[in-house]
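Good morning, everyone, and thank you for making time for this. I would like to walk you slowly through one protein, so please have a look at it before I go on.

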Amino acid sequence: MAKILDRLLLFIYSLSIAIISAYAILRWSGLVPGLQEYLNSTQLQVVSITVSAVLLLLSVRFFYISIRRERVHIPSIDQRTEYGDIQISVETIENLSLKAAARVRGARDLKARIRVTEAGLEIMIRAVVEGDFSIPTMTTDIQKQVHDYLQETTGIPVSSVAVYIANVAQSTAIKSRVE
């Protein structure tokens with residue numbers, strides 16, 4: 001809510017400064033008559049003080065926002081046990097997923113994305129497969145390995161593990177020839 005209010009205030013502030021700047025340029029170039037012709041001196045003074053005070057307050061607010069330190073909220077999964085609360089970062093879940101997927105032979109260049117839903121964790125694993133492995137067998141092994149390892153290690157339910165095979169790489173092992 002505060003960010004929306006700050007954006008609205010910034011919009012009003014920017015618009016006000018733009019209007020005042022445009023008026024000042026036109027006034028100094030002689031294209032627009034002065035405000036004295038439309039308002040008497042007390043009205044002009046009240047309007048000037050009010051506009052200046054509002055712009056000063058907005059300036060102070062934006063200065064404060066620019067120098068304050070934001071509390072960085074690292075996304076985590078919260079669990080409550082009989083002994084207390086547990087927080088596991090999404091980055092930890094990601095690393096555990098990669099560790100489990102790396103155990104499957106033939107999978108290389110692994111990347112993981114984690115989504116937390118009401119049903120549990122949704123995990124997306126991206127992998128490059130070595131050319132001499134069966135893709136359906138390997139993807140099933142990755143899904144099972146990641147699912148079982150995460151549920152066993154963290155106790156957090158895993159609703160799905162999706163595997164995306166990005167490419168097939170040829171194995172670089174060169175067989176030596178014995179003569």
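What we have here is a predicted model, and the protein in it has four helices and five strands. If you read along the sequence, those elements follow the pattern α-α-β-β-α-β-β-α-β. Of the 179 residues of the protein, 22% count as buried.

Let me begin with the helix called H1, which covers residues 2-28. On the surface there is a nonpolar patch formed by Leu5, Leu8, Phe11, Ile12, Leu15 and Ile19, and together these residues have about 570 Å² of accessible area. Isoleucine 19, one of the patch residues, lies in H1 and has a relative accessible area of 52%, so this residue is classed as exposed, the cut-off being over 50%.

Next comes helix H2, residues 41-67, which has 27 residues and reaches 39 Å from its first C-alpha to its last, close to the 39 Å expected at 1.5 Å a residue. Within H2, the residues Leu44, Leu55, Leu58 and Phe62 are buried. For phenylalanine 62 the relative accessibility is 15%, and because buried means under 20%, this residue counts as buried.

How many aromatic pairs does the model contain? The count comes to one aromatic pair. Its partners are tyrosine 13 and phenylalanine 62, whose ring centres are 5.4 Å apart and whose planes stand at 65°, so the pair is edge-to-face, a term used for planes over 60 degrees apart. Since tyrosine 13 lies in helix H1 and phenylalanine 62 in helix H2, the pair ties together parts that are 49 residues apart in sequence.

Let us turn to the strands. Strand S1, residues 76-81, and strand S2, residues 84-89, pair in the antiparallel sense over six bridges, and the two form a hairpin with two residues between them. Across this pairing, arginine 80 stands opposite aspartate 85 in S2.

Finally, I would like to point out aspartate 109, whose place is in strand S3, residues 107-116. Most residues other than glycine have a negative phi. Phi of aspartate 109, however, is near 50°, a positive value in a residue other than glycine. Is aspartate 109 buried or exposed? At 51% relative accessibility, aspartate 109 counts as exposed.

Definitions and conventions:
Residues are numbered from 1 along each chain as its sequence is written. This is a predicted model: local features need pLDDT of at least 70, side-chain atom pairs count only at pLDDT 80 or more; totals for chains, interfaces and linings use all residues. Side-chain values use heavy atoms; hydrogens and water are left out. Patches are made of residues with over 30% relative accessible area and no salt bridge: like charges are joined within 9 Å, nonpolar side chains (Val, Leu, Ile, Met, Phe, Trp, Tyr) within 5 Å. Accessible areas come from the Shrake-Rupley method with a 1.4 Å probe; for residues, only the protein chains shown count as cover. A salt bridge is a side-chain nitrogen of Lys or Arg within 4 Å of a carboxyl oxygen of Asp or Glu. Buried means under 20% relative accessible area, exposed over 50%, partly exposed in between (1.4 Å probe, protein chains only). The expected span of a helix is 1.5 Å times one less than its number of residues. Rings of Phe, Tyr and Trp (its six-membered ring) pair if their centres lie within 6.5 Å; planes under 30 degrees apart count as stacked, over 60 as edge-to-face and the rest as tilted. Two strands pair if DSSP finds at least two bridges between them.
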